[in-house]
Amino acid sequence: MKKNGQSLLSKYFSICVALILVSIIFLGLILLLFASQYFKEDKYDLLERNAEQAAAITSFDIATGKSAYFIDVKLTLSSYKILGNAIGADMFLVDNSGNTVICTNTDSAHYLQHLVDKEILSEVSKGSYKNLGTLSGIYDKAHYIVGIPVKATDGIVIGTVFACADASGMTQFLAEITKMFILSSVAVLSISFVIIYFTTDRLVTPLKEMVKATESFSRGDFTVRVHVEGNDEIDKLAMSFNEMASSLATLESTRRMFIANVSHELKTPMTTIGGFVDGILDGTIPPEKQNHYLKIVSDEVKRLSRLVRSMLNIARIEAGEMTTSVSEFDINDLVCQTVFTFEQKINEKGLDIMGLDSGRIMVEGDCDLIHQVVYNLIENAVKFVNPGGYIEIIYDYDRTDGKVYIGIKNSGDGIKKDEIPKLFERFYKTDKSRSLDKTGVGLGLHIVRSIINLHNSDIVVKSSEGEYCEFGFCLPAVNDKKISSRFRKQQTQNQIPNQN
C-alpha cells in the first residue's frame with residue numbers, strides 16, 4: 001500500500017525553516033569569528049600601547065640615571081603596576097638574557113624559574129612581538145603576549161617589556177555574545193516560523209481547493225470553483241483554473257448533447273434501414289414494392305454517409321489538421337457553377353435567381369473549402385425558399401479593408417431572432433426546418449462557420465421573419481484590376497444592395 005506523501009505545506013514550511021536555521025547558524029559562526037578577531041586585535045592594541053608606555057618610562061629612567069644602565073626598580077615597578085592594573089595585565093621587564101628584572105605579578109606566574117627564549121627576544125629586538133601562548137612556560141595557560149624593546153640613549157636594546165593578559169577573557173566574551181545571539185535568534189525564529197506558516201498556508205490553500213476540485217472533476221462534477229481573493233500569481237492560477245472548469249463544464253455539456261444528437265441522428269436511419277431490409281428478407285414487403293423501399297434504404301445510407309463525412313470534417317477542423325491552401329479564384333464563377341448543380345430543384349420550385357451577372361470577382365482563399373461553404377449555403381437557400389420565390393447572390397466590395405462580401409439571400413419565412421445564435425451549433429435544427437429538412441443532419445452551418453473562421457472571417461446572418469434570410473461572409477479581394485469593370489461600375493452606382 002502506497003503511503004501518503006508529505007504535504008506541500010509541510011514541505012515548503014520545512015524548507016523555509018531549514019534555510020532560516022542554516023542561515024542563522026552561518027551568521028552566528030561569522031559573528032563569532034569576527035567578534036573573536038576583534039576582541040583579539042583590541043586586546044593586542046591595548047597591551048601594545050601600555051607596553052610602549054612602560055618601555056618609554058624605562059628608557060627615560062635609564063636616560064636620567066646616574067649610571068648608563070641603572071634602573072630604579074621601585075619607581076619603575078610602581079609605574080608598571082599602574083599600567084598593568086589599568087588594563088588587567090601583567091607587566092614585567094627582562095634583560096637580554098631572558099631573566100626577569102621587574103615583575104608586577106609573582107603569584108600565578110613562574111618568572112624566576114623560566115627564562116624567555118632567545119628567539120622571542122630576537123624577534124622583539126626587530127620591532128615588536130605579538131603572540132598567544134605561555135611565553136616559554138612562564139604561564140600555565142594561554143595569554144595574550146606583547147613585547148616591546150627597551151633602548152638606551154645610544155639606541156642599544158638593553159631589555160624587553162612584556163605585557164600579558166589572560167586569554168580566558170575572550171571565552172567569556174564570546175560566551176556572552178553567543179548567549180545574546182541565541183536569545184535574539186530564538187525570538188526572531190519564533191516570529192518567522194509563525195509568519196512563514198500562515199503565509200505558506202495561505203499560498204497553499206488555493207492549491208488544496210484545486211486538488212479537491214480536480215477530484216470532483218474526475219467524478220464528473222464540474223460545478224466546484226476555487227475561491228479567489230487577491231491578484232497574485234496563485235490567484236491568477238485559481239482564476240485560470242475556474243475558467244478551465246467552466247470550459248470543461250461547457251465541453252462536457254456539449255459532449256453529452258453531441259452524443260445524444262448523434263445517437264438520435266443514427267437511430268432513425270438505422271431503424272428505417274433495418275426494418276425495410278428485414279421486411280424484404282422475410283417477405284413482408286412484396287417483390288413489386290421492394291424497389292421503392294430499397295430507394296428509401298439507399299437515401300438513408302447516403303444520409304448516414306453525409307453524417308459521417310461531416311463529423312470527420314468537424315473533427316479535422318477542431319484538431320487543427322485541416323489547413324487552408326490559399327489561391328486566387330473567381331468567386332462569382334464558383335457560385336454560378338454551384339447554383340447550376342441545383343438546377344432541377346430550382347426549376348421545380350420556379351425560383352428566380354439574381355446576381356449571377358456580376359462578372360469576374362477575384363478573391364483569395366481555399367477554393368475547395370469555399371466551394372463547400374457556398375454549396376451548403378445555396379443548398380439551404382434552395383431547401384427553405386418559398387415556391388415561386390427568389391435567391392439572390394450579393395457582392396459588396398469594401399475599399400477600406402480590401403474585402404469582398406458574398407451574401408446568399410432567399411425569400412421565405414426567415415429565421416426568428418432568438419434562433420439565429422443557435423444556427424451554428426452541432427445538430428441544431430429549428431422546429432420548422434426539422435419538418436422541411438428530411439435529409440439534413442444539422443452540421444452544415446457548423447462546418448460553414450468553421451471553414452470561414454479558418455479564413456480569419458466570420459459568417460453573418462440577416463433575417464426578417466416572413467420576408468427573407470441572408471447568410472454572408474467576406475474574403476480578401478486580390479486587387480482592383482482583377483475585379484471586373486462591371487462589378488466596379490455597380491459598386492460606384494450603388495446598385496448592389498447591402499442588406500442590414
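**Sheet pairing and helix packing in the predicted model**

In strand β5, Gly 159 is the bridge partner of Asp 95. The model is predicted. Asp 95 belongs to strand β1, residues 90-95, which pairs with β5, residues 157-166. The two strands run antiparallel and are joined by six bridges.

Both strands belong to an open sheet of five strands. The order is β2-β1-β5-β4-β3, and the pairing is antiparallel. The edges are held by β2 (100-103) and β3 (129-133). Each of these has a single partner strand, so one side of each has no neighbour in the sheet. From one strand to the next, the twist averages 25 degrees.

Two helices pack on this sheet. Helix α2, residues 73-87, lies across β1, β2 and β5. Its direction is at about 55 degrees to β2. Helix α3, residues 118-125, touches β1, β3, β4 (143-151) and β5. The direction of α3 makes about 105 degrees with that of β5.

Strand β9, residues 390-398, pairs with β10 in the antiparallel sense. Eight bridges connect β9 and β10. Within this pairing, Ile 394 has Gly 407 of β10 as its bridge partner. Strand β12, residues 468-476, also runs antiparallel to β10 and is joined to it by nine bridges. Here Tyr 405 stands opposite Cys 474 of β12.

Helix-helix packing is illustrated by α7 (residues 331-341) and α9 (residues 367-384). Their axes lie 10 Å apart and form an angle of about 45 degrees. At that angle, α7 is oblique to α9. The crossing of α7 past α9 is right-handed. On the α7 side, the contact is made by Ile 331, Leu 334, Val 335, Thr 338, Val 339 and Thr 341. Helix α9 contributes Cys 367, Ile 370, His 371, Val 374, Tyr 375 and Ile 378. Nine of the contact residues are nonpolar and three are polar. No charged residue takes part in the contact of α7 with α9.

Terms used
Residues are numbered from 1 along each chain as its sequence is written. This is a predicted model: local features need pLDDT of at least 70, side-chain atom pairs count only at pLDDT 80 or more; totals for chains, interfaces and linings use all residues. Side-chain values use heavy atoms; hydrogens and water are left out. Axes are lines fitted to C-alpha atoms, for helices over the stretch in contact, and angles run from 0 to 180 degrees between N-to-C directions. Helices (H or I, at least four residues) and strands (E, at least two) are DSSP runs, numbered from the N terminus. Angles under 35 degrees count as roughly parallel, over 145 as roughly antiparallel, 65 to 115 as roughly perpendicular and the rest as oblique. A crossing is left-handed if the near helix is turned anticlockwise from the far one by less than a right angle, and right-handed if clockwise. Contact means heavy atoms within 4.5 Å. Ala, Val, Leu, Ile, Met, Phe, Trp, Tyr, Cys and Pro count as nonpolar, Asp, Glu, Lys and Arg as charged, and the others, Gly among them, as polar. Two strands pair if DSSP finds at least two bridges between them.
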